[in-house]
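Okay, thanks everyone, let's get going.

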Amino acid sequence: MSGKNESWLFEISSKRKWIDLNFKEIWRYRDLLVLFVKRDIITVYKQTVLGPLWFFIQPLFTSVIFTLIFNKVAEIETGIIPAFLFNLAGITAWNYFKICLNGTASTFKTNKGIFGKVYFPRFIVPLSKVISNLVKFGIQMLILTGFYIFYSYTQSDMVTPDWHLLLIPAYVIIMAVYGLGLGMIISTMTTKYRDVSILLGFAMQLLMYLSAVPYPIKALKEKVPEFAWVVDYNPLAHIIEGFRYALFPTDTLQFNWNIFGSIAILGIILFLIGLVLFNRTEKTFIDTV
Amino acid sequence: MSKVILKAENISKQYRLGLVGLGTVRHDLNRFWHRIRGKEDPYLTIGAVNDRSEKATQEYVWALRDINFEVKQGEILGIIGKNGAGKSTLLKLLSQVTTPTTGVIKSRGRIASLLEVGTGFHPELTGRENIYLNGAILGMTRAEINAKIDEIIDFSGCEMYIDTPTKRYSSGMTVRLGFAVAAHLEPDILVVDEVLAVGDAEFQKKAIGKMQDISKGEGRTVLFVSHNMGSVQSLCTRGLLLENGSIAYEGKIEDVVSTYLSTGKKEVGLSIAERTDREGGEVFRFTDCNILDERETQVLDLISGNKYTFKIGFKSEEDLAGIRFRVRIYDENGITRIICNNGFSSQLLNVKKDTDRFIHCTIPRLPLPNGRYNVRLTCATLHKFLDDLEVAMEFDVVGGDFYGTGKQQVSSEGVMVDHSITLH
């Protein structure tokens, strides 16, 4: 036995380190991560009639409406990419980012019951959300693939995909990292000031329009060059645009490795900031929530 | 064996009173401003003692203040105190749900808490799925749960419903399933809060038994918080008495429990003379009622088989002759267990006006099994009632050895009488 010496397994105190992400601990709780993911997937559509069909309905309807408004009425050009497919791709990507962010941002609020009683690494919860959301994203990608193939056969001038398709997983990871990072930053604010969660609802709505979901960045630069910088400085717009470029590598969309590198680095910075704030909050949030 | 496994050094916890509003923003900004200049939190120096009955005088309150204690390996520490004494806050700190404002808790082992059973149960998941989920939340790995799943299901007594969503469970079943999972945890230190207050009598017995196994047989360290003095006394070896956020007493569990009970006893004694929920009491009035053990010390926890005297104070306005006293003891269900009446057992008594004498009602061998009992005091002459007090006092019977065999009656019904059962 180690006897008298002061070798403690752990200490609980108010002093906090900047980043206290204990990977060993998270690894020890990996089964919990798996079970949380499983729970989310199993329970979302229990006792609904249409079940997972809801995953299809939302992006399809939104794409139809977007195509009508933005492409038919506002006459935004999408080049050789079919407008409907263009919108569907943007919405699929945006949805994944959105549910990751929302899930992460409400971590403390929705789990205060458990968090108030038991300790486990809190980071498990947003991580499980990001993973379980992959399933929803996967289902929506299936429809997108379906329409992609359909258009490829029916339209002779459709873009042909190339090796850029390999970038899709990279973009999915980047979206998850942005969702986690921003979500964690927001979650720390919602614990004390509920105003933030009310704000989040409509901020996400507006942000979607600023993130190049219903239009290509180039089209915006041509039509309203004086305001295009708002979108140009929005990393989310470049993520959506890049995700589309991976599917439709044409000149209508802008993509280069500098942009790709910058958004990746920015994502990591956001994630680290989020992690620091999240760690500070998880220790005392139960007193303020 | 006697290694210190858990140590609390000067831990305090401060809470802010009132609502979150613009004032909170101001304090947050001020605190932030102090922190970036590397100064102390300006709000740590203030704060009132946690006494809920007083009017709040300050914005901050200390739920816990300078708590120091050590727990040795294999020890079962009972933590008792009135509502609001800081027990739950202490447990929250120990189970890492929140951090102390100042001070450090050091531990050599993994801590798992049983603050409330069934944490994280999802109503849509089946019992079996919830066992895995709940187990994982409490810190078990899948392999550990796999090894114990049959035992857990068996212990919960929900085998028939194990593949049904828990939303179809009765509340009792949910609690049992939750406790079954928690009872099979294997942390180095287990923190338990009031779980025994749930479930039916049979399950409670099972739960207490399991707790005893965990602590005695397996040498686990347990911190146990409860209002039930009976189970605290039977489970724990050492105790902490919390009062208004500080440790009021620390020591052997018997001493801690009696200190705790004696703080409550004064209130019972005081009120009898002034109580209005009585019949009569004009000419003759009970003023006091205490139970004395053989050493003539006041007690509220009785041991069956021991000798006890009910010492009853009274005040009479007149000289009265031929008085009957009745001490009726009934259980929590209102069932009368014992009636003592000097009209049958001894002689009628005469009392003088303004006397300072007491009535003693002595039971040489208390025949009551474990439980909580009420005492009703009645006084009458042959012709009329003088005073009748429905619940003059309460007491508990906690264990004992009535038959002198070292065994105790398991059922809490009836009374014990001397008997023998032999074969002829």
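So, to start: at what angle do helix α4 and helix α5 of chain B pack? Keep in mind that this is a predicted model. The angle comes out at about 140°, and the two axes are 8 Å apart. For orientation, α4 of chain B covers residues 142-156, and α5 of chain B covers residues 171-183. Angles over 145 degrees would count as roughly antiparallel, so this pair is oblique instead. As for handedness, α4(B) passes α5(B) in a right-handed crossing. If you want to find the contact on screen, look on α4(B) for B:I152, B:F155 and B:S156. Facing them from α5(B) you have B:R176, B:L177, B:A180, B:V181 and B:A183.

Okay, zooming out a bit on chain B. There are two domains here, domain 1 at 67-258 and domain 2 at 275-400. Their C-alpha centres lie 39 Å apart.

Nonpolar side chains in soluble globular proteins tend to be buried together. The largest nonpolar core here has 128 residues, and the ones with the most contacts inside it are A:M175, B:L223 and B:F224. Helix α4 of chain A, residues 83-105, gives the most to that core, with twelve residues. There's also another core lying apart from it, with 26 residues, including B:F310, B:L366, B:V375 and B:L386.

Who does B:L223 touch, leaving out residues up to four places away in sequence? The list is B:V71, B:L77, B:I79, B:L94, B:I189, B:V191 and B:V192.

Over to chain A. The C-alpha atoms fill a box of roughly 80 × 45 × 40 Å along the principal axes. Chain A has 289 residues, and 38% of them count as buried. On contacts, if you take those in chain A with a separation of 6 or more, 83% are between residues 24 or more positions apart.

Last bit, the place where the chains meet. Chain A puts in 27 residues and chain B puts in 35. On the chain A side, β1 (10-13), α2 (30-43), α6 (112-115) and α13 (257-288) each supply at least two residues. Which element of chain A gives the most to the side that touches chain B? That's α2(A), with six residues.

Note on methods
Residues are numbered from 1 along each chain as its sequence is written. Chains are lettered from A and ligands numbered from 1 in the order in which they are written. This is a predicted model: local features need pLDDT of at least 70, side-chain atom pairs count only at pLDDT 80 or more; totals for chains, interfaces and linings use all residues. Domain bounds come from an automatic or database domain assignment. A nonpolar core is a set of buried Ala, Val, Leu, Ile, Met, Phe, Trp, Tyr and Cys residues joined through C-beta atoms within 7 Å. A residue is buried if 20 or more other C-beta atoms lie within 10 Å of its own, exposed if 12 or fewer, and partly exposed in between; C-beta atoms are placed from the backbone. Helices (H or I, at least four residues) and strands (E, at least two) are DSSP runs, numbered from the N terminus. Two residues are in contact if their C-beta atoms, placed from the backbone, lie within 7 Å. Axes are lines fitted to C-alpha atoms, for helices over the stretch in contact, and angles run from 0 to 180 degrees between N-to-C directions. Angles under 35 degrees count as roughly parallel, over 145 as roughly antiparallel, 65 to 115 as roughly perpendicular and the rest as oblique. A crossing is left-handed if the near helix is turned anticlockwise from the far one by less than a right angle, and right-handed if clockwise.
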